[in-house]
Amino acid sequence: MVITKRHAEVLRKLYENSGEFSVEGWSDFDRETLWQLELAGIARPVGVNLYDLTFSGSILAEMIQEMVENGVIDIDSWKDSFRWIGSEIISMIRYSKSVNSEIRGVYKEELEKRGFSKDGKLTQYASTLDEIYETSHPRLVVNSSIAEALKKMPEGPGERKSLPVKGDDLLQLEAMRLIAFSVPRSDIYSLTGLGQQIKAALLKGFVVNDELILDELVLDTVAKVYQGRKISEAEREDLMERGIMGFSGELLPAADHLYLAWRIYREGPYEMTPSFQISEDEIKILKTIAELWKKNETNPEIYPDHKQIEKELSEDWNMKDYSIKLALYNLEGFDLIRSEEYHKGSKAVLVYNLTNYGKEVLEDRRGKESEISSTSVKAITMTKKEFASPNVEWYEKARKEGLVSDSAPTKSGKLYARLAVEVERKPLVTSLEMRVLRKIPYTSGIFLEDMNLTEEELIALEKLESKNLVEILPTEVVVLTKAGQMMKKALSGVPVGIGTPVTPIVIRLLQAIRKVGGTYVKENRIRIKPENWKAIEREVGVDPETFNDAMLLAKNAKYIGKDSVTEAGRMLLEAVDKLAEKEYPWVEF
């Protein structure tokens with residue numbers, strides 16, 4: 001949705017007519033403006049040259065009229081280019097709602113001049129606009145002009161000034177929610193998840209020309225095929241003509257993107273902003289594990305256990321307050337390595353193997369051991385949402401780390417954006433991270449500046465974000481994710497003095513108890529039978545010493561009791577289960 005001076009003037013004109021109105025005799029300029037309002041779900045045709053406002057459009061027009069009459073806005077004084085409403089305004093309002101409608105700094109200034117904040121709080125007009133945005137459903141009509149615009153523009157994130165598309169085409173793209181701009185002043189653009197998938201379909205052979213347009217009905221037909229429903233012969237011929245279906249009835253490459261576009265359009269947009277992080281030292285660990293296994297091929301005395309890894313890295317370790325042991329936990333928490341029991345003669349030790357994800361990261365970082373930050377990764381993943389684009393600082397950081405170049409993710413950027421979604425997290429939570437987690441309110445957000453964090457606590461906060469337990473919004477508001485809320489609750493009873501309240505091994509232990517012991521629904525508990533302990537130990541798959549350490553930690557942290565998993569333990573499992581939930585599978589291009 002985008003409302004500039006021209007849109008506001010047309011809406012006022014429509015409001016004054018009330019009900020159906022004729023646009024016969026309207027100028028081409030006003031008709032184009034009306035078309036953009038139709039695409040945004042604000043106006044609709046009801047006959048030849050006859051239009052009406054939708055329900056959302058009526059509320060918006062009424063709000064504009066009230067704001068003008070009360071002297072809140074003065075449309076006549078606006079410049080033609082002034083963006084009264086755009087994706088960046090919707091973003092600022094929604095981010096502010098997460099912190100009790102409070103707004104600060106430059107974001108406050110931008111909303112105040114639009115009548116959406118006063119005295120540092122959102123106004124009722126802001127709440128009304130948010131409801132309008134939520135209830136209005138845009139149309140989707142991609143003609144040849146819009147198709148060409150999508151094909152030639154990089155998907156972002158990128159600088160707005162570099163956009164090859166201007167004027168009415170750009171306004172149409174935003175009206176259909178195919179593009180979004182950054183807070184506070186729309187300096188950075190990104191195609192939304194919907195926009196990216198339609199662009200991908202066009203690049204993979206989907207045909208749009210003067211005779212064939214992409215609209216909602218085309219997407220519905222594609223969905224029918226994917227869902228196994230029967231389509232008519234006319235629909236089949238249409239799909240073949242558009243480059244979606246082959247002559248033998250097989251779906252062509254563009255189809256996957258159009259089906260995901262249908263899911264986003266009909267079922268709802270992506271809502272999560274998954275992230276990922278790996279430090280320079282952790283990259284060294286991946287490299288060391290691979291090298292030690294290589295040496296093991298000719299010398300069985302060499303293998304990557306904690307002792308030998310530490311020996312290799314002791315003189316080249318930069319994170320003085322973060323031990324190699326913690327880094328190993330963290331890498332396993334991101335599914336980059338897995339610890340396993342390894343038999344050296346009669347002795348059982350704990351060794352580490354790279355997972356397939358770990359091998360991908362090692363290959364990507366070959367010759368470049370620089371870190372990958374949570375901020376840079378989310379600068380890419382957030383673009384899949386409906387109204388979000390990274391702010392300038394996040395974009396610049398992603399460029400500096402090599403994840404974004406020329407207004408599109410690099411090969412590395414796409415890798416870490418994918419890992420942010422795909423990896424199965426069993427997160428490490430240190431006592432420092434637990435302390436930071438406890439500072440964030442359970443149901444509302446908090447301004448970062450109000451948390452009064454030390455430098456080491458700020459680092460811990462970014463680690464929590466990379467684990468998808470918190471989200472730091474572009475307006476510097478910190479909120480707990482659903483998994484973060486569960487994790488905070490699970491950790492509420494952990495005694496002071498436990499250095500690592502949550503480790504991947506403890507999570508594996510609890511998961512093994514649930515699998516072997518089973519959940520008793522009536523009792524709402526996971527029971528542990530004494531005869532099952534051996535099976536549980538085999539399921540965890542670590543050496544006896546590591547297993548016993550995990551048992552001790554689980555008891556001290558109050559995750560398990562005498563014969564069952566406690567409420568805190570069940571909540572920890574629920575947090576991990578929530579982290580494993582996925583949105584629509586992304587179709588890369």
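**Notes on cavities, pockets, sheets and a buried helix**

1. By class, the residues lining the largest cavity are 4 nonpolar, 3 polar and 4 charged. Here Ala, Val, Leu, Ile, Met, Phe, Trp, Tyr, Cys and Pro count as nonpolar, Asp, Glu, Lys and Arg as charged, and the others, Gly among them, as polar. The lining residues are Glu155, Gly156, Gln196, Ile380, Thr383, Lys384, Pro409, Lys414, Ala417, Trp586 and Glu588. This cavity has a volume of about 90 Å³, and a search of the whole structure finds 3 cavities of 30 Å³ or more.

2. A word on the basis: this is a predicted model, in which local features need pLDDT of at least 70 and side-chain atom pairs count only at pLDDT 80 or more, while totals for chains, interfaces and linings use all residues. Residues are numbered from 1 along each chain as its sequence is written, and side-chain values use heavy atoms, with hydrogens and water left out.

3. Here is how the spaces are defined. On a 1 Å grid over the protein atoms alone, a cavity is a set of points where a 1.4 Å probe fits but cannot get out, whereas a pocket is an open set with protein on both sides within 12 Å along at least five of seven lines; lining residues have an atom within 4 Å of a point. Grid points are joined across faces, edges and corners, and a volume is the space filled by probe spheres set on the points.

4. The second largest pocket has a volume of about 590 Å³. Of its 24 lining residues, Met319, Tyr322, Ile459, Ala460 and Lys463 are the closest to its centre. Two or more lining residues come from each of helix H13 (280–296), helix H15 (324–333), helix H20 (431–438) and helix H21 (455–466), and H21 gives the most, with 5 residues. Helices (H or I, at least four residues) and strands (E, at least two) are DSSP runs, numbered from the N terminus. By class, this lining has 7 nonpolar, 6 polar and 11 charged residues.

5. Where does Asp321 lie? Asp321 is in the loop between helix H14 (306–313) and H15. Asp321 is exposed, with a relative accessible area of 75%. For this note, buried means under 20% relative accessible area, exposed over 50%, and partly exposed in between (1.4 Å probe, protein chains only). Asp321 and Ile198 are 123 residues apart in sequence and 47 Å apart in space, C-alpha to C-alpha.

6. Ile198 is one of the buried residues of helix H9. In H9 (residues 193–203), 10 of the 11 residues are buried, so this helix is largely enclosed by the rest of the structure. The cover over these buried residues includes strand E6 (141–142), helix H7 (144–152), E9, strand E10 (214–215) and H12; contact means heavy atoms within 4.5 Å. Just after H9, Gly205 takes a positive phi of about 105 degrees.

7. Strand E9 (residues 188–191) has Ile188 and Ser190 pointing one way and Tyr189 and Leu191 the other way, and all are buried. E9 runs antiparallel to strand E7 (residues 158–159), joined by 2 bridges, with Gly158 opposite Tyr189. E9 is also antiparallel to strand E8 (residues 179–181), through 3 bridges, and Ala180 has Ser190 as its bridge partner. Two strands pair if DSSP finds at least two bridges between them. The E8 and E9 hairpin has 6 residues between the strands, and there Ser186 takes a positive phi near 55 degrees.

8. Two further strand arrangements are worth a look. Antiparallel strands E11 (residues 337–344) and E12 (residues 347–354) are joined by 8 bridges, with Tyr342 opposite Val349. Their hairpin has 2 residues between the strands, and Gly345 has a positive phi near 70 degrees. Elsewhere, an open sheet of 3 strands has the order E15-E17-E16, with antiparallel pairing. Strand E15 (446–447) and strand E16 (470–472) stand at its edges, each with a single partner strand, so one side of each is left without a neighbour in the sheet. Ile472 stands opposite Val478 in E17.

9. Finally, which residues touch the most other members of the largest nonpolar core? Of its 192 residues, these are Trp84 and Phe116, and helix H12 (residues 254–267) gives the most residues to this core, with 9. A nonpolar core is a set of buried Ala, Val, Leu, Ile, Met, Phe, Trp, Tyr and Cys residues joined through side-chain atoms within 4.5 Å. Not counting residues up to four places away in sequence, the residues that Trp84 touches include Ile3, Leu60, Arg114 and Phe116.
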